[in-house]
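Me: I would like to learn how to read a protein model. Can we take one feature at a time?

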Amino acid sequence: MGSIKKESFIFKNKIYFTGLISLVVAILISSILLPESASAAKKQYEILLINSYHSSLKWSASINKSIKSEMDKLDFPVIIHDEFMDTKYKNSPEYLNLLEELYATKYSENKPDVIIVSDNNALEFLIARRAKLFPGIPVVFLGINAFKKEMLHGEKDITGVVEAISIRSTIEAALRLYPYANRVVAYASDMPTARHNSRIFLEKQDVFTGRARLELKTGMNVEQVVDDISSLPHDSVVLILSFLKGDKGILLPLEKTIEIVSSESELPVFSFWDFLLGHGIVGGELVSGADQGKIAGEMAARILGGEKASDIPINYESPNKYMFDFKQLNKIGFNPAGLPLNSIIVNQKKTFYSQHKAKVWFAVGLFIFMGLVILVLWRSAIARKRIEQALRRSKDMYDLVTMGTNDGIWDWDRKSGEVFFSSRWKEILGFSDEEIPNNIEEWKSRIHPDDYDRVIRVNDLFFTHKTDRIMVEYRMKAKDGSWKWVMGRGSCLRDEQGKPYRIAGAHTDITERKKAEEELRRLRNYLENIINSMPSILVGVDSNGVVNQWNFKAEEMTGISSKEACRMNLVEAFPGIADDYARIMASIEKGTTLVDPPRVLNLKDESRYREITVFPIDCDNGRGAVIRIDDVTQRVRLEQMMVQTEKMMSLGGLAAGMAHEINNPLAGILGNLHNLRRRLYSDLRLNDVAASEIGVSLEDMRRYLDKRDIPNLLDGIADSAGRAATIVRNMLSFSRISERLFEYYNIEQLLEETLELASSDYDLERRYDFKKIKIVKEYASGVPAVYCDGTEIRQVFLNLIKNAAEATAEKHYIKEEPCIILRTEIDSDMVLVKIEDNGPGLGDEEQKRVFEPFYTSKPVGSGTGLGLSVSYFIITDQHKGRMQVESVKGEWTRFTISLPAG
């Protein structure tokens, strides 16, 4: 051993001395032969590299490394000055001004030859300050999101490479690698880049119609994202579009974001940047900082070589590559055929040869040496044959013993190093007895890479004295390239020092059992996905009323997870179903289906109509039931609305008939009133004749009537009758069923007619009288006519005015009085009608939902929830206008209607 080391030292030093002598000779020759001009120092160039982010980010580090690598290829020296703006966490105007002062000071006298800027913040900073800091210096950019030429503001001598994430191709890869997926859920922050990525993501919805549903969720921090992912069904794929914030509102590094999300999620996670590989993403078509830096470095080298930046075209094709993490691929059980062509796989375990290359060649040399020894020992062949015959007899006896078992036997003699695999052991893998050798390395080379560490760790239990028996399940590579599942069992014999000197055991082929288990798991997941995809609440219970099945809809409506619910009694999980518990248990006991009519059931602080159906089932462990709870609120409300509509139609017909009947006496009153005035105050000859016949002076009679204020009483009768006739006319116009007729209407006249109709409204139950409400009219001058259906617009105005009047009845006034303000305005080519009340106002949630069908803020039984919905439809759909609501809770509410003028 000592002589070998000595020779190695001499050999190494011989190489060293030879190289040193060669170097000295080369220096002497070059100093003698080379001309003076060649030995002169070449010009030194300087590059300023401005990074948007911090130097600790892998993205920035990979960019800088690639750029420096490109500069090292040049045959002239280049010095690179690195500046890291750290704008991910500091980006205020004051901070940017300080950076400007710093760069102005550092580079006032030592101007760079080329400036390279990385990412959007650095480019925007430089464009805004280039004329002041670095006028005329060429610029190369890289890593720019949402690039448009307008971003350069007409600046010259600028080129670079664009960064664009590959959303479509990454989703395509995700769906191929995870074939169960039919939903892609993306998460993003509210940063500009995140909003750009989110917009691109939503634009891909049509591409994947029928294959997968794309969902975007924003505004969550990392903890909220993790909670949300835990509630997603197993057919989902997670997509991270940007940095996310932590629980304190501070942006986390993207690597940390992915680590948190991936570690807490059982679903596959995908993203778009190569530096996230190894942190938890499966992969995709990824943006590479190294490739971005390489292209930018090549462009900078061309500029240093004499080309103008303006002559180098901008690279609009982001140099993205398909890259995947081997560990994450195995985690989701990927299909290798699903990988795109030329995919790069990282974290893949090395082959046995690449790990033990030196040992393999040493073994080859050793076998050659042994062959020479065998040749030398040829004379001992006869003795060796005798030994072989004895071993063969022993092996035949061993095979005879093992023929009676279906297991493959193995035996390892630690002292001699000999290993024996029975014929059945090799047959399990598809080999004959002579096709594979008997050695430990052969066994190790066939263990699946994902199982290797675990199997070796279990076998090491022999050598650490922790056990004398082992059992482990793992995969081994068969002759045809497939993987066979085996159950490995073994035990050992120990010497006096406790070291194992003989280890033996058996392998059982469990491939079919594993396939059956996998098929069972797949079917279970399939059934679970079917149950969870149903819109109804589905709950399974046993004969004791304990929950054993709880779908996603039940989790959503109760806030109780499936894991928690399956340990609870039905009444604990669903307190609202307590009144039905006895009948449900009776249904299970009798085996009869129970269908409850729709009724109000409170779930998650929301009262809605639910229909409960109980389906008894017989299980292996006794009886049980599946309870289905359906939300039938809309159906019930539609039925109620149909009944209400029938009532209103009947009342409308009755009102129209009554109006016609009232018109007759009104006409009589007005006609008689007219005749009365003619016979008292007109200069008719018959009036004089009648007065003379009874001996009364017509002038005296008129003075008497004036004295008794009869003319004013007659005017009052005329006004009252006229007002009644107007109300009847408006009621008939409003209730008349006719074809839609668009004409030009004076909007103020429509308001006045509707106001006249509404002023007759009085509600005894709610104790409001329209006549006691102050009406303020603020009509703008010169409002043009509106082309509309007058009947429908009156209906909208009446709904809004009545709602305003009813709202004022709900408020207790102290210093003010109930008031409704009617305004008309002109806004460009639109006529605005504003109806405002000083009632109790609407909350934020009510304002969001006020135009929804069947939504009402009134007490139960006081409204259908359709008035505003129908009004909104009439204005927006039938008249191509707009309808909006504004309100301050406790103070006022204003509805604004915008209709096209003319």
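Me: Is His153 buried or exposed?

Reply: Start with the general idea. Buried means under 20% relative accessible area, exposed means over 50%, and partly exposed lies in between, with a 1.4 Å probe and protein chains only. His153 has 62% relative accessibility, so His153 counts as exposed. One caution comes with every answer here. This is a predicted model, where local features need pLDDT of at least 70 and side-chain atom pairs count only at pLDDT 80 or more, while totals for chains, interfaces and linings use all residues. Residues are numbered from 1 along each chain as its sequence is written, and side-chain values use heavy atoms, with hydrogens and water left out.

Me: Where is His153 found?

Reply: Helices (H or I, at least four residues) and strands (E, at least two) are DSSP runs, numbered from the N terminus. His153 sits in the loop between β4 (139-144) and β5 (158-162). Look at its backbone too. His153 is not a glycine, yet its phi is positive, about 55 degrees.

Me: What is the phi of Ser828?

Reply: Ser828 has a positive phi near 60 degrees, and it is a residue other than glycine. Its place is the loop between β29 (819-827) and β30 (830-837). Ser828 counts as exposed because its relative accessibility is 68%.

Me: Now charges. How many salt bridges are there?

Reply: First the rule. A salt bridge is a side-chain nitrogen of Lys or Arg within 4 Å of a carboxyl oxygen of Asp or Glu. By this rule the count is 48 salt bridges.

Me: Which residue forms a salt bridge with Glu517?

Reply: Arg513 does, with the closest N and O atoms 3.2 Å apart. Both lie in helix α18, four residues apart. Glu517 has a relative accessible area of 39%, so it is partly exposed. Arg513, at 35%, also counts as partly exposed.

Me: How far apart in helix α18 are Arg522 and Glu519?

Reply: They are three residues apart, so about one helical turn separates them. Their side chains meet in a salt bridge of 2.8 Å, N to O. Elsewhere, salt bridges that share partners join Glu778, Arg823, Glu836, Glu886 and Arg894 into one network.

Me: Which residues form a nonpolar patch on the surface?

Reply: Patches are made of residues with over 30% relative accessible area and no salt bridge; like charges are joined within 9 Å, and nonpolar side chains (Val, Leu, Ile, Met, Phe, Trp, Tyr) within 5 Å. Areas come from the Shrake-Rupley method with a 1.4 Å probe; for residues, only the protein chains shown count as cover. Here Phe362, Leu366, Phe367, Phe369, Met370, Val373 and Leu377 form the patch, with about 710 Å² of accessible area together. Take Phe367 in helix α13 (residues 357-376). Phe367 counts as exposed because its relative accessibility is 58%.

Me: Last one. How many disulfides does the structure hold?

Reply: A disulfide is a pair of cysteine sulfur atoms within 2.5 Å. The structure holds zero. Cysteines can still be read for burial. Cys492 is buried, with a relative accessible area of 11%. Cys819 counts as buried too, at 13%.
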